[in-house]
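These are my notebook entries on one structure. I set down what I looked up, entry by entry.

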Amino acid sequence: MKFNTKTIHGGQHNDPTTGAVMPPIFQTSTFAQTSPGKPIGDYVYSRSANPTRTALEDALASIENGAKGLAFSSGLAATDCLLRSFKAGDEIITMDDLYGGTYRMFTKIYKNSGIKFHYVDMNNLDNVQSLINENTKMVWVETPTNPLMKLADIAAVAKITTANNILFAVDNTFATPYLQNPLDLGADVVMHSATKYLAGHSDVVAGALITKTAELGKQLLFQQFATGATLGPMDCFLVLRGIKTLHLRMQRHCENGEKVAEFLNNHPKVKTVYYPGLVSHPFYEIAKKQMSGFGGMVSFDFVSGKKEDSVDFLEKVKVFTLAESLGGVESLANHPALMTHASIPEAKRKEAGVTDDLVRLSVGG
């Protein structure tokens, strides 16, 4: 089944009781039983499973070519579920450019639990190899990253993690499975902030994990059940509805993103455009190798280097809306240093390249 077909039909079935083409919203917390411990069907309580959530999770597994999909109340809830697999003394290798919320979770929550994180330039694979020891349990990458659009060579990293029996997780939020398939390239688990492109309409907050194997899916399902950060049935319906147009929306996001990137790249007031579809982008060749398109996320900074110029620009945008988040059909503009990445200490932000004049655009469809 081709991707465009899978977004509509992958893992999906008409409702067996009514024939409904779209999965019904099972807005219920609990399900009747005929005798203690003997439910009428396959469902007992909506924290453990709900038919609408099952429909979404089956669709997630289908579009990412995975064995098991799990739907969460946010992208950070999905990340949290995965990190609960580790214990004090474990080590995780990750990238030096991360979404601010992920960095905050790593440094403010799990570091305090005794997990050690290493932040490296993932394009020098010696950086990864040199840090691996008996305590290394996972490599976590975003590709492209938020907000500097750095890329990691997924297949190359996978060779290292496979050889060392280390879990490999990829945040695929920016690319989506329309443009990039980490599980096919060797990753073990994919995370999405489904709030973004998967839902696609800025009307829901959701997250997802998709695993390569059923065994890993079963382990994470227990974590999800035991900690409870599940997605409600109405939100599941909205994400599932968004997935059905993902291929159409991403095509337009890519087309529009490329035009905006080229315009900015030729603007006299713009210093650098961060967009993997530009030949000048340092990770252009990696993008061509592992992505089928370049997406709708574009970041840029100013020749002046002044925060005032970026703030002035953002206060004057008209078609774009100054707001958090990304991936909706509308166009959004963001100031990472003051908004999405404000939780990262200033020195650390600037070291990574997230300067005070950096602007991030989510180019709509």
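**Entry 1: D301**

I looked up D301 and found that it counts as buried, at 6% relative accessibility; buried means under 20% relative accessible area, exposed over 50%, and partly exposed in between, with a 1.4 Å probe and protein chains only. The model is predicted: local features need pLDDT of at least 70, side-chain atom pairs count only at pLDDT 80 or more, and totals for chains, interfaces and linings use all residues. Residues are numbered from 1 along each chain as its sequence is written, and side-chain values use heavy atoms, with hydrogens and water left out.

I place D301 in strand 11, residues 297-302. Helices (H or I, at least four residues) and strands (E, at least two) are DSSP runs, numbered from the N terminus. Setting aside residues up to four places away in sequence, I find D301 touching K269, V270, K271, T272, Y274, T355, D357 and L358; contact means heavy atoms within 4.5 Å.

**Entry 2: Q33**

I then turned to Q33, which lies in strand 1, residues 33-35. Q33 is partly exposed, with a relative accessible area of 36%. Not counting residues up to four places away in sequence, Q33 touches K38, P39, I40 and V44. I also looked up the pair Q33 and F72: they are 39 residues apart in sequence, and their C-alpha atoms are 26 Å apart in space.

Is T79 buried or exposed? I find T79 buried, with a relative accessible area of 0%. T79 belongs to helix 3, residues 75-83. Leaving aside neighbours within four places in sequence, T79 is in contact with M105, F106, W140 and M191.

How many disulfides does a search of the whole structure find? The search finds 0 disulfides, a disulfide being a pair of cysteine sulfur atoms within 2.5 Å. C81 is in no disulfide, and the nearest cysteine sulfur, that of C236, is 15 Å away. I recorded C81 as buried, with a relative accessible area of 2%. C254 also counts as buried, at 12% relative accessibility.

**Entry 3: helix 9**

I went on to helix 9, residues 233-243, and found it mostly covered, with 8 of its 11 residues buried. The buried residues of helix 9 are P233, C236, F237, L238, V239, L240, G242 and I243. I asked what covers these buried residues. The cover includes helix 1 (3-9), helix 2 (51-63) and helix 10 (246-265).

**Entry 4: backbone geometry**

As background, most residues other than glycine have a negative phi, and most peptide bonds are trans. I therefore listed the exceptions below against that general rule.

The peptide bond from T143 to P144 is cis, with omega near -5 degrees. A cis peptide bond also joins N146 and P147, where omega is about 15 degrees. P144 sits in the loop between strand 6 (136-142) and helix 6 (154-163), and P147 is placed in the loop between strand 6 and helix 6.

T176 is not a glycine, yet I find a positive phi of about 65 degrees. T176 lies in helix 7, residues 176-179, and counts as buried at 1% relative accessibility. S202, likewise not a glycine, has a positive phi of about 55 degrees. I located S202 in the loop between strand 8 (189-192) and strand 9 (207-211); S202 is partly exposed, with a relative accessible area of 44%.

**Entry 5: the whole chain**

Along its principal axes the C-alpha trace spans about 70 × 50 × 35 Å.

Buried residues make up 53% of the 365 residues in the protein chain. Among contacts with a separation of 6 or more, 71% are between residues 24 or more positions apart.
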